[in-house]
Amino acid sequence: MFNLLTSALASQTRLWAGTKAAKTTINEQDPLIMYDNEADPLCRLVREAISELNLDVLIIPCPQGGERHKQQLQEMYSTDRIPFLIDKNTQTILNSASEIITYLYKHYGNCSAPIRLRANLFNYASSTTASLIRFNAGKTKTPAIEPTDPLVLYSFESSPYSRPVRETLCELELPYLLVNLGKQSFGELGPATRRLSPGEYTPLPETKRSAFFAEHGTVQVPFLKDPNTDVDMFESKAIVKYLIATYAL
Ligand SMILES: N[C@@H](CCC(=O)N[C@@H](CS)C(=O)NCC(=O)O)C(=O)O
């Protein structure tokens, strides 16, 4: 309960940035690749933008004390500074939150980034506060086995239930495809079992949400797919337990 409370408070501190998602779905997109730390304030601002633009991203976690991916970054690009974004669709490589957010909105949103998501001092401060409210969960490495294939997590940035799962994935240095299922209509507000709008839930047609709904009969995040063990699971607490039991050393 305390975990959920601080996670909701962290989202509130960022005024629920990373909740709503663009109605457009970009098909046949090579997922973005981002070297990320869940608790890093600038990485959070980039993830909020990615979530609101309704894009997917392969997250390569770089927790403090974890050399696995930072070393990769150093060898390939002579830096270990994050956030680091690679967009194979346009052969773009960027290493500053401000440039990444500007680029993403220009290329995928055809507009400039909203002020509430830009890498300015105010947003940096509130993002730092959000991490402090979470006691910097996700920031530091927990020794773990390296998986063969990246995991897949359905989530959206401000989701209070999904955040602890992303923190755990980061601490364990487990790469994962982050499929963002942000809210695309008013009827989607609230937890999956108690949506604010009464009546039956129907996602917008031809969206990632409608594809998820067709497969699972509901839209609820977090949802984890682990191709290494063929495990598919809902429920944040169970997912965190599973990740630790399967990968932590
Ligand atoms: N008991 C579930 C609750 C999950 C949940 O309600 N998640 C919210 C997002 S934080 C959700 O899926 N809401 C419905 C939606 O986004 O359409 C868990 O712990 O994973």
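**Pocket, ligand and loops**

The lining of the largest pocket is made up of 10 nonpolar, 7 polar and 6 charged residues, where Ala, Val, Leu, Ile, Met, Phe, Trp, Tyr, Cys and Pro count as nonpolar, Asp, Glu, Lys and Arg as charged, and the others, Gly among them, as polar. This is a predicted model, in which local features need pLDDT of at least 70 and side-chain atom pairs count only at pLDDT 80 or more, while totals for chains, interfaces and linings use all residues. Residues are numbered from 1 along each chain as its sequence is written, and side-chain values use heavy atoms, with hydrogens and water left out.

Rolling a probe the size of a water molecule over the atoms shows where empty space is left. Here the search runs on a 1 Å grid over the protein atoms alone: a cavity is a set of points where a 1.4 Å probe fits but cannot get out, a pocket is an open set with protein on both sides within 12 Å along at least five of seven lines, and lining residues have an atom within 4 Å of a point. Grid points are joined across faces, edges and corners, and a volume is the space filled by probe spheres set on the points.

The largest pocket holds about 510 Å³ of space. It has 23 lining residues, and those closest to its centre are Y161, G190, P191, A192 and V221.

Around the ligand are 17 residues, the closest being R195, R209, V221, E235 and S236; a residue counts if one of its heavy atoms lies within 4 Å of the ligand. By class, this shell has 8 nonpolar, 4 polar and 5 charged residues.

Now look at the polar contacts, pairs of N or O atoms within 3.5 Å. A polar side-chain atom of R195 is 2.6 Å from an oxygen atom of the ligand, and an N or O atom in the side chain of R209 lies 2.8 Å from a ligand oxygen. A192 takes part through its backbone, with a polar atom 3.2 Å from an oxygen of the ligand. On its own the ligand has 500 Å² of accessible area, and the protein covers 90% of that, by the Shrake-Rupley method with a 1.4 Å probe.

The largest cavity has about 40 Å³ of space, and its lining has 2 nonpolar, 2 polar and 5 charged residues, including E38, R44, R134, R163 and E167. The second largest cavity has about 30 Å³; among the residues that line it are N54, K208 and R209.

N54 also has a phi near 65 degrees, a positive value in a residue other than glycine. N54 lies in the loop between α2 (41–52) and β2 (57–61), with helices (H or I, at least four residues) and strands (E, at least two) taken as DSSP runs numbered from the N terminus.

Which peptide bond of V221 is cis? It is the one that joins V221 to P222, with omega about 5 degrees, and P222 is in the loop between α7 (208–216) and β7 (223–226). The bond from I82 to P83 is cis too, with omega near 5 degrees; P83 lies in the loop between α3 (68–77) and β3 (84–87).

Key. A polar contact is a pair of N or O atoms within 3.5 Å; within protein, one must be able to donate a hydrogen and the other to accept it, and residues adjacent in sequence count only if both atoms are side-chain atoms.
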